[in-house]
Amino acid sequence: MAVDVGGLSPYDWGPTIRAACFGCGKSMKKIMVCLKRVVDYNVRVRVKADGTGVVTDGVKMSINPFDEIALEEALRIRERGGAAEVVVVTIGPADCQQQLRTGLAMGADRAILVEHGTELEPLAVAGLLLKLVEKEHPDLVIVGKQAIDDDCNQTGQMLAALWDRPQATFASKLEVDGDRIRVTREVDAGLEVIEADLPAVVTTDLRLNEPRYVKLPDIMKAKKKPLEILAAGSLGAALEPSLRTTGYAPPPERQKGAMVADVDALVGALRDKGFLG
Amino acid sequence: MTAARNQTSAEDETQILGAIQAWVEREVRPIARQYDHADEYPHHLVTQMQELGLFGATIGAQYGGLGLSASTYARLVTIISEAWMAPTGIFNSHLIMAACVERFGTEEQKQRFLPRFATGELRGGLGLTEPNAGTDLQRIRTTARRDGGGYLIDGTKTWITNGIHGTCFALLTRTDTAADPPHKGMSMFVVEKGPGFTEGKKLEKLGYKAIDSAELVFDGFRVDADRLVGGVEGRGFQHAVGGLELGRINVAARGVGLANAALRDSVRYAQERKTFGKPIAEHQAIQLKLGDMATRCEAARLLVEAAAKKYDAGERCDMEAGMAKLFASEAAVDNSMDAMRIHGGYGYSTEFDVERYFRDAPLMCIGEGTNEIQRIIIARQLIERNPA
Ligand SMILES: Cc1cc2nc3c(=O)[nH]c(=O)nc-3n(C[C@H](O)[C@H](O)[C@H](O)COP(=O)(O)OP(=O)(O)OC[C@H]3O[C@@H](n4cnc5c(N)ncnc54)[C@H](O)[C@@H]3O)c2cc1C
């Protein structure tokens, strides 16, 4: 039974108090989410015959799954009233507009493509993102912890370092409280909770959320949202590679196994192969 | 009627099919076997379809739909059918009803119904078939008699997809039982369930499980005259036949999906299963099957694309849609049988999906005009287009 407490039922306190506490003060103006176009996770990757890379012609390309999680998190923060705007950015060839359009259809307000034709190293990507950060002044940057194509796991950290702002990597939970964030991280020893001042860079782990699927009417509506295109060369970031890729090769085929009769035969076989002293 | 048809750009199509594929992998494929075996209606999928916008897929944008081209729509249907064919029926026959209103309805009817069809607020299907008349639609017995400012409808429909969970149907009736030939006395109505219009029993089926096929019973059911599609009596048969081109492309697209699914499972299984020291994919008898199956998939897909392209161009395509429907549905049946053989005992097992393809595929040969009728239509068109 509800008790009348000055016109406020006790059942109303929870949400009221939470709403009042949430973001004690202001909500963020802008969250920037960085997306990378990668070969879809369902595709069996093949190395080009000449060993210069992997086949991408006619192959399904998607938003890097960790980045999709980053965008989902940003959208949820905005939908809770924690941010006014979500901007998605990517760096790559003109085709990347597809992934930005998907991001806009998911719910981002605006998109920026930094157009560049060749593969960039994480430091160059972080350098370009820094230029965007200086242009856009986001309160929070969310990126995937790694891209599933090169698995570098460097860009977010490098961006934070170049920007000279805090970083919270491998987030499995993200709470925003005014000018601070509280991030639960998945580390080898278990869960670690850290707090950081905004602006900051957060990189996402798989368990942060499950991204929404895109609704078809939103795909149509997204066509009207702004998508800005900048030339990578015009931003004044260093793009020269410091590594040289000498070749790509598929992993060796798994050798056929052999059956042994018993444990003695197994030990013998392992000894023959030099695996046992 | 050759009104301007929907067009979908390549970029939009990529986005749309990508979104559908992602939804299918997450929500449809994982539940297909369970819901099919339990013959349980997937209510939550319907809610998701509503959010996705599927109930407005082919309805024009000016009425709140997505206005997808037949080509894009066919690919979308194929993608879902590759995982589970049955749920496509929930929006397919709904959209045929919508197309009937959009192509033949009065502007007032379009404004009134299409936006609610597009959101899925009002869902339903197409009521043509009766216990005594399927192929021979001119023999239907459901009547709509003038009564004051409206009509009184009496009769029974059967096999109506979405009959239990849908509430609104495009209903073929006879308004003039004396007309000769009978089709001149046939009229289509848009009817919503209410007093005098109830669903009969849910029909039990071999396949196409989880989706409701039901009898619809009309007993002195009163409708206002503004429910008569197009506002003019005697055009119902044309309205029914007018939706068949798109309907056949849809059924063909489902056939492609089923044929592809049977091939995909077989290609995988043939490499995993070993007999006599090697994967069965290395036995020539299996290779011959895989070769035929893959060729059927490719041919069926190309026929569907060709028919859809003609439809999108606003050209007559009854022969092309008939060919696509005939070939793709037979491909689905043949591939599901070949898949069963390739899978050996496991193909007969309810722990694999092949037995579902095998039960679902034959419907494609029956719905939207049986394959016997498709052959007759194709032959008639051949003669008509090639006079001696
Ligand atoms: C699961 C399911 C869902 C369905 N959903 C709907 C729906 O939503 N709405 C709806 O209105 N109907 C629906 N139907 C009905 C379907 O359209 C009919 O079953 C179909 O049109 C065939 O009609 P029939 O069953 O009366 O067969 P019949 O017309 O009796 O045909 C029997 C056989 O005779 C052959 N045949 C008939 N006439 C000729 C001829 N002139 N020459 C040569 N052969 C001929 C047929 O090809 C068939 O082989 C559905 C059916 C099923 C099974």
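**View 1. The contact between chain A and chain B.** In this predicted model, the contact is built from 11 residues of chain A and 13 residues of chain B. On the side of chain A that touches chain B, the elements that give two or more residues are helix 3 and helix 6 (216-222) of chain A. Sorted by class, that side of chain A has 7 nonpolar, 2 polar and 2 charged residues.

View 2. Strand 4 (residues 83-92) and strand 5 (residues 110-115) of chain A pair in the parallel sense, with 6 bridges between them; V88(A) has A111(A), in strand 5 of chain A, as its bridge partner. Strand 5 of chain A also runs parallel to strand 11 (residues 227-231) of chain A, to which it is joined by 5 bridges, and here V114(A) stands opposite L230(A) of strand 11. When following side chains in this view, the reader may recall that in a regular strand they alternate between the two faces of the sheet.

**View 3. The ligand and its shell in chain B.** The ligand is surrounded by 22 residues, of which the closest are L128(B), G134(B), T135(B), T370(B) and E372(B). Elements of chain B that each supply at least two residues of this shell are strand 1 (124-127) and strand 3 (150-161), together with helix 11 (354-366) and helix 12 (371-385). By class, the shell around the ligand has 9 nonpolar, 10 polar and 3 charged residues. Because domain 2 (125-235) and domain 3 (243-385) of chain B both give residues to the shell, the ligand lies between these two domains.

**View 4. Domain 1 of chain B against domain 2 of chain B.** Chain B is divided into domain 1 (10-122), domain 2 (125-235) and domain 3 (243-385), and the C-alpha centres of domain 1 and domain 2 of chain B lie 23 Å apart. Across the boundary shown here, 22 residues of domain 1 of chain B are in contact with 20 residues of domain 2 of chain B. On the side of domain 1 of chain B that touches domain 2 of chain B, at least two residues each are supplied by helix 2 (32-38), helix 5 (88-104) and helix 6 (107-119) of chain B, and helix 5 of chain B gives the most, with 9 residues. This side of domain 1 of chain B has, by class, 12 nonpolar, 6 polar and 4 charged residues.

Note on methods:
Residues numbered from 1 in each chain as written. Chains lettered and ligands numbered in written order. Predicted model: local features only at pLDDT ≥ 70, side-chain atom pairs only at ≥ 80, totals over all residues. Pairing = 2+ DSSP bridges. Helix = DSSP H or I, 4+ residues; strand = E, 2+ residues; numbered from the N terminus. Near = placed C-beta within 6 Å. Nonpolar A, V, L, I, M, F, W, Y, C, P; charged D, E, K, R; others polar. Domains from an automatic or database assignment. Contact = placed C-beta atoms within 7 Å.
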